[in-house]
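Dear colleague,

Please find below the structure that I am handing over to you.

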Amino acid sequence: MRSVLVAVAAALALVPQSALSQRVGADEGDGSRLNAATFSGLELRNIGPAFMSGRIGDIVKDPTDPSTWYVAVASGNVWKTVNNGTTWMPIFDRYGSFSMGCIAIDPNNPNVLWLGTGENASQRSAGYGDGVY
(Lines give C-alpha, C1' and ligand atoms only; values in the text may rest on other atoms or scores of the structure.)
Protein backbone atom coordinates (compact mmCIF):
# COMPACT_ATOMS: atom_id res chain seq x y z
CA MET A 1 0.00 0.00 0.00
CA ARG A 2 2.84 2.38 0.82
CA SER A 3 4.31 1.80 -2.66
CA VAL A 4 1.05 2.86 -4.26
CA LEU A 5 0.93 6.05 -2.19
CA VAL A 6 4.52 6.87 -3.08
CA ALA A 7 3.80 6.31 -6.78
CA VAL A 8 0.73 8.57 -6.68
CA ALA A 9 2.64 11.29 -4.79
CA ALA A 10 5.49 11.10 -7.31
CA ALA A 11 3.06 11.33 -10.22
CA LEU A 12 1.35 14.37 -8.71
CA ALA A 13 4.71 16.03 -8.14
CA LEU A 14 5.33 15.85 -11.89
CA VAL A 15 1.99 17.47 -12.78
CA PRO A 16 2.28 21.24 -13.32
CA GLN A 17 0.58 23.35 -10.66
CA SER A 18 -1.83 24.81 -13.24
CA ALA A 19 -3.12 21.33 -14.01
CA LEU A 20 -3.78 20.59 -10.33
CA SER A 21 -6.16 23.53 -10.13
CA GLN A 22 -8.37 21.97 -12.81
CA ARG A 23 -11.03 19.33 -12.30
CA VAL A 24 -9.84 15.73 -12.00
CA GLY A 25 -11.54 13.40 -14.46
CA ALA A 26 -12.77 16.13 -16.76
CA ASP A 27 -13.40 15.37 -20.41
CA GLU A 28 -10.50 15.96 -22.74
CA GLY A 29 -12.57 18.45 -24.72
CA ASP A 30 -12.76 21.03 -21.90
CA GLY A 31 -9.00 21.78 -21.83
CA SER A 32 -8.22 19.77 -18.70
CA ARG A 33 -4.78 18.16 -18.71
CA LEU A 34 -5.54 16.01 -15.66
CA ASN A 35 -7.61 13.08 -16.93
CA ALA A 36 -7.40 9.33 -17.34
CA ALA A 37 -4.91 9.68 -20.19
CA THR A 38 -2.56 11.65 -17.90
CA PHE A 39 -2.03 8.57 -15.72
CA SER A 40 -2.43 5.83 -18.34
CA GLY A 41 1.32 5.14 -18.51
CA LEU A 42 1.68 4.58 -14.76
CA GLU A 43 1.70 1.01 -13.57
CA LEU A 44 2.94 -0.80 -10.50
CA ARG A 45 6.38 -2.37 -10.82
CA ASN A 46 8.81 -4.13 -8.56
CA ILE A 47 11.92 -2.05 -7.89
CA GLY A 48 15.05 -3.16 -6.12
CA PRO A 49 16.16 -6.52 -4.86
CA ALA A 50 13.32 -7.18 -2.40
CA PHE A 51 11.38 -9.77 -4.38
CA MET A 52 9.10 -12.26 -2.67
CA SER A 53 11.21 -14.24 -0.20
CA GLY A 54 13.86 -11.52 -0.27
CA ARG A 55 15.26 -10.59 3.12
CA ILE A 56 17.31 -7.44 3.44
CA GLY A 57 20.35 -8.00 5.65
CA ASP A 58 21.75 -4.47 5.62
CA ILE A 59 21.73 -1.17 3.72
CA VAL A 60 24.51 1.42 3.45
CA LYS A 61 24.64 4.75 1.65
CA ASP A 62 27.84 6.14 0.13
CA PRO A 63 28.88 9.18 2.22
CA THR A 64 30.51 10.83 -0.81
CA ASP A 65 27.58 10.23 -3.19
CA PRO A 66 24.12 10.14 -1.56
CA SER A 67 22.50 8.65 -4.69
CA THR A 68 24.63 5.49 -4.36
CA TRP A 69 23.36 2.75 -2.02
CA TYR A 70 24.39 -0.83 -1.39
CA VAL A 71 21.95 -3.48 -0.15
CA ALA A 72 23.04 -6.83 1.28
CA VAL A 73 20.28 -9.38 0.71
CA ALA A 74 20.10 -12.40 2.96
CA SER A 75 18.55 -14.51 0.23
CA GLY A 76 21.12 -13.57 -2.36
CA ASN A 77 23.67 -11.04 -3.56
CA VAL A 78 24.68 -7.45 -2.95
CA TRP A 79 22.78 -4.88 -4.98
CA LYS A 80 23.96 -1.39 -5.96
CA THR A 81 22.05 1.65 -7.14
CA VAL A 82 23.62 4.87 -8.38
CA ASN A 83 20.30 6.68 -8.92
CA ASN A 84 18.54 6.55 -5.54
CA GLY A 85 16.93 3.17 -6.18
CA THR A 86 15.49 3.69 -9.66
CA THR A 87 17.58 0.81 -11.03
CA TRP A 88 19.67 -1.85 -9.28
CA MET A 89 22.54 -4.08 -10.38
CA PRO A 90 23.96 -7.18 -8.66
CA ILE A 91 27.64 -6.80 -7.77
CA PHE A 92 28.48 -10.05 -5.94
CA ASP A 93 27.68 -12.69 -8.58
CA ARG A 94 31.24 -14.01 -9.00
CA TYR A 95 32.02 -14.83 -5.40
CA GLY A 96 31.53 -17.97 -3.31
CA SER A 97 28.72 -17.00 -0.96
CA PHE A 98 25.17 -16.10 -1.84
CA SER A 99 23.73 -15.11 1.56
CA MET A 100 24.64 -11.64 2.84
CA GLY A 101 24.38 -10.53 6.44
CA CYS A 102 25.95 -7.09 6.75
CA ILE A 103 27.75 -4.52 4.65
CA ALA A 104 29.88 -1.49 5.51
CA ILE A 105 31.73 1.17 3.55
CA ASP A 106 35.35 1.58 4.61
CA PRO A 107 35.57 4.92 6.48
CA ASN A 108 38.98 5.65 4.92
CA ASN A 109 38.10 4.70 1.33
CA PRO A 110 34.47 4.82 0.10
CA ASN A 111 35.48 2.62 -2.86
CA VAL A 112 36.02 -0.33 -0.50
CA LEU A 113 33.09 -2.37 0.84
CA TRP A 114 33.29 -4.82 3.72
CA LEU A 115 30.79 -7.64 3.47
CA GLY A 116 29.89 -10.20 6.12
CA THR A 117 28.26 -13.24 4.56
CA GLY A 118 25.55 -15.43 6.06
CA GLU A 119 22.41 -14.53 7.95
CA ASN A 120 22.36 -13.54 11.57
CA ALA A 121 18.63 -14.27 11.95
CA SER A 122 18.34 -18.04 12.35
CA GLN A 123 15.17 -19.39 10.78
CA ARG A 124 14.09 -22.34 8.67
CA SER A 125 15.46 -20.73 5.50
CA ALA A 126 18.64 -19.10 6.82
CA GLY A 127 21.61 -19.08 4.48
CA TYR A 128 25.14 -19.79 5.69
CA GLY A 129 28.12 -17.62 4.91
CA ASP A 130 31.76 -18.25 4.24
CA GLY A 131 33.47 -15.29 5.86
CA VAL A 132 34.19 -11.62 5.28
CA TYR A 133 34.93 -10.14 1.88
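**Overall fold**

Along the sequence, the chain runs in the order α-α-β-β-β-β-β-β, a total of two helices and six strands. Helices (H or I, at least four residues) and strands (E, at least two) are DSSP runs, numbered from the N terminus.

This is a predicted model, in which local features need pLDDT of at least 70 and side-chain atom pairs count only at pLDDT 80 or more, while totals for chains, interfaces and linings use all residues. Residues are numbered from 1 along each chain as its sequence is written, and side-chain values use heavy atoms, with hydrogens and water left out.

The chain has 133 residues, of which 29% count as buried. Here buried means under 20% relative accessible area, exposed over 50%, and partly exposed in between (1.4 Å probe, protein chains only). The accessible surface of the chain is about 9100 Å², and 57% of this surface belongs to carbon and sulfur atoms. Such areas come from the Shrake-Rupley method with a 1.4 Å probe; for residues, only the protein chains shown count as cover. Among contacts (heavy atoms within 4.5 Å) between residues at least 6 apart in sequence, 29% join residues at least 24 apart.

**Aromatic residues**

The structure contains four aromatic pairs. Rings of Phe, Tyr and Trp (its six-membered ring) pair if their centres lie within 6.5 Å; planes under 30 degrees apart count as stacked, over 60 as edge-to-face and the rest as tilted.

Why is the pair of phenylalanine 92 and tyrosine 95 called stacked? The ring centres of phenylalanine 92 and tyrosine 95 are 4.6 Å apart and the planes are at 20°, so the pair is stacked. Phenylalanine 92 is buried, at 8% relative accessible area, whereas tyrosine 95 is partly exposed at 48%.

Phenylalanine 92 also pairs with tyrosine 133, edge-to-face, with 5.0 Å from centre to centre and 90° between the planes. This pair links distant parts of the chain, 41 residues apart: phenylalanine 92 is in the loop between β4 (89-90) and β5 (100-105), and tyrosine 133 is in the segment after β6 (113-117). Tyrosine 133 is partly exposed, with 30% relative accessibility. Together, Phe92, Tyr95 and Tyr133 form one aromatic cluster.

**A nonpolar surface patch**

Val82, Met89 and Ile91 make a nonpolar surface patch of about 220 Å². Like charges are joined within 9 Å, and nonpolar side chains (Val, Leu, Ile, Met, Phe, Trp, Tyr) within 5 Å. Methionine 89 belongs to strand β4 and is partly exposed, at 38%.

**Loop residues**

Where does alanine 74 lie? Alanine 74 is found in the loop between β2 (69-73) and β3 (78-81), and it is buried at 4% relative accessible area. Apart from neighbours within four places in sequence, alanine 74 is in contact with Arg55, Gly57, Phe98, Ser99, Met100 and Glu119.

Most residues other than glycine have a negative phi. Asparagine 77, however, has a positive phi near 85°; this residue lies in the loop between β2 and β3 and is buried at 10%. Asparagine 84 likewise has a positive phi, of about 60°. Asparagine 84 lies in the loop between β3 and β4 and is partly exposed at 49%.

Methods
Patch = residues over 30% accessible without salt bridge, like charges linked within 9 Å, V, L, I, M, F, W, Y side chains within 5 Å. Salt bridge = Lys/Arg side-chain N within 4 Å of Asp/Glu carboxyl O.
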